[in-house]
Amino acid sequence: MQIAIFGTGYVGLVLAATMSDVGQDVTCVDVDVEKIAGLKRGEVPIYEPGLEALVRDNQAAGRLTFTTDPAVGVASASIIFIAVGTPPEEDGSADLRHVLSVGEMVGTLMQEPKIIINKSTVPVGTADRVKATVTARLAERGLTGLEFDVVSNPEFLKEGAAVADCMKPDRIILGVETAGGRSEQLLRELYGPFNRNHDKILVMDVRSAELTKYAANCMLAAKISFMNEMAHLADKIGADIEKVRLGIGSDPRIGYHFIYPGVGYGGSCFPKDVRALISTAREHGIDPMVMEAVNNRNNHQKTLLFDKIRARFGSDLRGRTFALWGLSFKPNTDDIREAPSRTLMEALWAAGAHVRAYDPKAMKACQEAYGDRPDLFLAQSQEQALEGADALVLVTEWKSFRSPDMAEIAAKLKQPVIFDGRNIFDPAMAAGYGLEIVGIGR
Ligand code: UGA
């Protein structure tokens with residue numbers, strides 16, 4: 001099948017790579033000239049395990065092409081995916097400019113029937129707006145009879161595991177205008193290679209599909225915020241949240257996933273999507289009480305490590321240096337959008353402290369975000385970050401941080417304390433090296 005994908009961010013690029021890998025002809029369209037030029041040379045602008053090889057191999061095989069010309073994309077395919085960004089507006093609602101501009105382009109350029117599939121995370125009702133946009137452009141061109149469908153097909157991939165998630169999805173949601181219609185049939189065929197063993201396709205109406213995406217992310221964010229609140233309570237009453245986590249996770253109705261307390265959720269999805277759903281609820285006259293609480297708890301959680309550092313070292317941190325392990329919002333990605341590490345570093349700097357930071361993949365992103373500043377040292381290794389530091393702060397649980405040389409840490413730190421924002425270190429074991437672990441809720 002011939003497909004075009006507008007937008008080469010996480011969602012668009014991973015979709016393009018995995019679809020071309022199973023034999024589809026994929027044309028990627030993006031307005032970013034430099035990005036497209038880089039992709040043509042096989043340069044993938046994000047770190048995502050397995051992605052670069054897929055892009056390179058499928059491009060070499062001629063199944064995957066990149067262009068900045070929307071006319072090429074629209075002409076090349078009967079199936080058009082919208083996978084452009086939906087950045088937050090100031091009030092938290094999603095900015096649909098890019099999504100609707102793809103609608104404009106398709107409506108202006110299409111010459112034969114199309115299926116337009118929305119993969120971007122968009123508020124309920126967006127498919128209708130895309131439909132109206134394309135219809136208006138076709139009417140201007142006197143082509144009111146030209147058929148097209150708008151389908152909602154939200155993406156559920158996780159950064160750091162994006163390729164694997166796309167190859168083996170838990171579910172494939174198709175929000176269609178007509179159940180059993182031509183669009184559904186074509187999409188079932190398109191997703192066939194990823195829908196083996198048992199049928200993972202769930203067909204529903206467009207609005208339910210749009211809401212499913214937000215509801216999934218907000219439910220996961222709610223689990224995390226709930227656990228973070230329990231951790232706070234555990235801290236105060238002398239309980240160990242890690243024991244509580246295992247205790248409640250063993251109930252299959254609760255489950256072990258997404259109940260890890262920590263320094264708050266970050267990234268390009270949860271924070272933005274929770275705020276967007278709050279905004280949607282308000283627009284419809286609903287008081288989003290639960291989601292407000294989820295959001296508030298998370299904002300608070302992101303300052304928690306700093307509060308613990310302050311409780312230990314005082315409010316004036318001038319002359320203090322902190323080693324910081326982990327900058328990305330979670331392991332296996334170089335993404336630092338809304339990362340808790342940023343809230344922490346900014347608070348440490350404001351209090352006069354210096355930071356020696358190390359991350360296996362996000363050093364470049366950090367350098368780009370903060371430039372050269374005298375109170376930030378970008379270390380070449382996790383060991384180098386420790387040199388001359390008063391204490392170590394663990395923010396992101398990369399594998400390489402999980403079993404460090406505790407004796408070396410104890411020798412290098414001026415004070416034998418580790419602030420463990422992810423509860424990855426065993427306090428009893430660390431105590432054997434004379435190190436104190438200040439964790440979350442234990
Ligand atoms: C999330 C969803 O998990 C995906 O299903 C969804 O497709 C994606 O958003 C999206 O909408 O595009 P992602 O943001 O890549 O994926 O990362 P997650 O693995 O969900 O982690 C989000 C944040 O929650 C991270 O900061 C992580 O450290 C934090 N987290 C996660 C916790 O603090 N505790 C947990 O138990 C789990």
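Analyst: The unreviewed UniProt entry places the annotation "domain: UDP-glucose/GDP-mannose dehydrogenase C-terminal" on residues 323-427. The model discussed here is predicted.

User: Over residues 323-427, how far apart are the end C-alpha atoms?

Analyst: The chain over residues 323-427 is 30% helix and 18% strand. The distance between the end C-alpha atoms of this stretch is 19 Å.

User: Which element gives the most to the side of domain 2 that touches domain 3?

Analyst: The protein is divided into domain 1 (2-204), domain 2 (214-300) and domain 3 (302-438). In the contact between the latter two, 12 residues of domain 2 meet 15 residues of domain 3. With three residues, the element that gives the most to the domain 2 side is α12.

User: What span should the 13 residues of helix α12 have, at 1.5 Å a residue?

Analyst: Helix α12 covers residues 289-301.

User: Within what arc do the buried residues of α12 fall, seen down its axis?

Analyst: The buried residues of α12 are M291, V294, N295, N298 and Q301. They line one face of the helix, because seen down its axis they fall within an arc of 125°.

User: Which residues are exposed on the other side of α12?

Analyst: The buried residues of α12 pack against α9 (206-237), α11 (270-283) and α13 (304-313). On the other side of α12, the exposed residues are M289, N296 and N299.

How values were computed
Residues are numbered from 1 along each chain as its sequence is written. This is a predicted model: local features need pLDDT of at least 70, side-chain atom pairs count only at pLDDT 80 or more; totals for chains, interfaces and linings use all residues. Helices (H or I, at least four residues) and strands (E, at least two) are DSSP runs, numbered from the N terminus. The expected span of a helix is 1.5 Å times one less than its number of residues. A residue is buried if 20 or more other C-beta atoms lie within 10 Å of its own, exposed if 12 or fewer, and partly exposed in between; C-beta atoms are placed from the backbone. The arc is that of the directions from the helix axis to the C-beta atoms. Two residues are in contact if their C-beta atoms, placed from the backbone, lie within 7 Å. UniProt positions are given in the numbering used here, feature names are shortened, and annotations may be inferred rather than shown by experiment. Domain bounds come from an automatic or database domain assignment.
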